[in-house]
Amino acid sequence: MKLSRLLSSSFLCLLMGSCDLIDYHPYDVRISGETDVNAHNIAKIEANCKDKTTIRFVTMGDSQRWYDETVDFVNHLNKRDDIDFVIHGGDVSDFGVTNEFLWQRDIMSKLKVPYVVLIGNHDCIGTGEETYRAVFGHTNFAFIAGRIKFVCLNTNAIEYDYSRPIPDFEFIAKQISDRRDEFDKTVVSMHVRPYCYEFNNNVVRVFERYVTEFPGLQFCTAAHEHRLFEEDLFDDGVMYYMSDCMKGRNYYVFTITPDGYEREVVYY
């Protein structure tokens with residue numbers, strides 16, 4: 001009995017002394033720091049861009065494993081004073097691990113301008129979507145900068161095994177008319193473009209019909225493929241601009257004016 005008590009006491013002391021060594025599960029969705037980032041930054045974007053006739057913004061994506069390169073991107077962009085906001089095209093995480101979202105959020109939060117983050121296919125792994133929703137917000141969202149509506153979509157169909165409508169055409173249809181008196185032009189952003197394997201290619205033509213109903217559609221943006229390229233995917237006059245991953249150390253700058261738009265690739 002004495003030996004049993006001694007062993008029990010020793011084990012208890014070991015547990016008490018080892019508390020600092022116990023870490024949480026990597027997928028536990030314990031969130032520290034800012035949450036609902038997109039909503040907070042959308043409020044800033046809409047306020048800052050109200051009544052502006054020229055909007056200049058950046059698209060980039062797939063920062064997942066390239067932390068140093070993303071820090072350099074933030075530092076490079078902070079040297080400019082002509083950018084209104086940044087659209088991150090998705091894949092802030094590689095494995096859907098909670099800390100990946102928090103680390104990337106903390107890097108991007110150093111930007112001098114507001115930013116929003118789309119959900120990528122890697123962000124859907126494990127409990128990634130739950131973490132994304134907690135940190136950034138809804139997986140489909142929209143906002144208006146100047147008189148331009150930006151519609152940001154979850155197009156990562158393969159991650160859901162067709163158990164959910166992705167793309168969500170009900171959401172898209174609503175955005176065509178929602179706040180209609182506040183915008184004349186539209187930009188549609190997504191992580192996975194049509195005709196990619198991860199897109200629901202059974203509905204690519206339906207997607208095209210919905211997207212081209214947006215007033216003054218300027219172009220579409222995507223990321224995902226870790227290469228920089230642009231293409232008129234449907235031969236309908238609508239260009240799709242695909243951002244490189246952060247390993248490539250570049251980003252797009254788009255300038256939309258009353259007379260049209262310009263785009264530039266910037267290397268850093």
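Which polar contact joins the side chains of Asn121 and His224? The two side chains are joined by a polar contact of 3.2 Å, where a polar contact is a pair of N or O atoms within 3.5 Å; within protein, one must be able to donate a hydrogen and the other to accept it, and residues adjacent in sequence count only if both atoms are side-chain atoms. The model is predicted, with local features needing pLDDT of at least 70, side-chain atom pairs counting only at pLDDT 80 or more, and totals for chains, interfaces and linings using all residues. Residues are numbered from 1 along each chain as its sequence is written, and side-chain values use heavy atoms, with hydrogens and water left out.

Asn121 also has a polar contact of 3.0 Å with the side chain of His191. Its place in the chain is the loop between strand 3 (115-117) and helix 5 (128-135); helices (H or I, at least four residues) and strands (E, at least two) are DSSP runs, numbered from the N terminus. With a relative accessible area of 7%, Asn121 is buried. Buried means under 20% relative accessible area, exposed over 50%, and partly exposed in between (1.4 Å probe, protein chains only). Leaving aside residues up to four places away in sequence, Asn121 touches Asp91, Asn156, Glu159, His191 and His224, contact meaning heavy atoms within 4.5 Å.

The aromatic residues come next. A pair of aromatic rings is described by the distance of the centres and the angle of the planes. Rings of Phe, Tyr and Trp (its six-membered ring) pair if their centres lie within 6.5 Å; planes under 30 degrees apart count as stacked, over 60 as edge-to-face and the rest as tilted. Across the whole structure, 23 aromatic pairs are found. In one of them, the ring centres of Phe73 and Tyr268 are 6.2 Å apart and the planes stand at 55 degrees, so the pair is tilted. This pair links distant parts of the chain, 195 residues apart: Phe73 is in helix 3 (residues 67-77) and Tyr268 in the segment after strand 11 (260-267). Both Phe73 and Tyr268 are buried.

The pair of Phe219 and Tyr261 is tilted because its planes are at 50 degrees, with centres 4.6 Å apart. Phe219 lies in strand 7 (residues 217-222) and Tyr261 in strand 11, so parts 42 residues apart in sequence are tied together. Phe219 counts as buried at 0% relative accessibility, whereas Tyr261, at 27%, counts as partly exposed.
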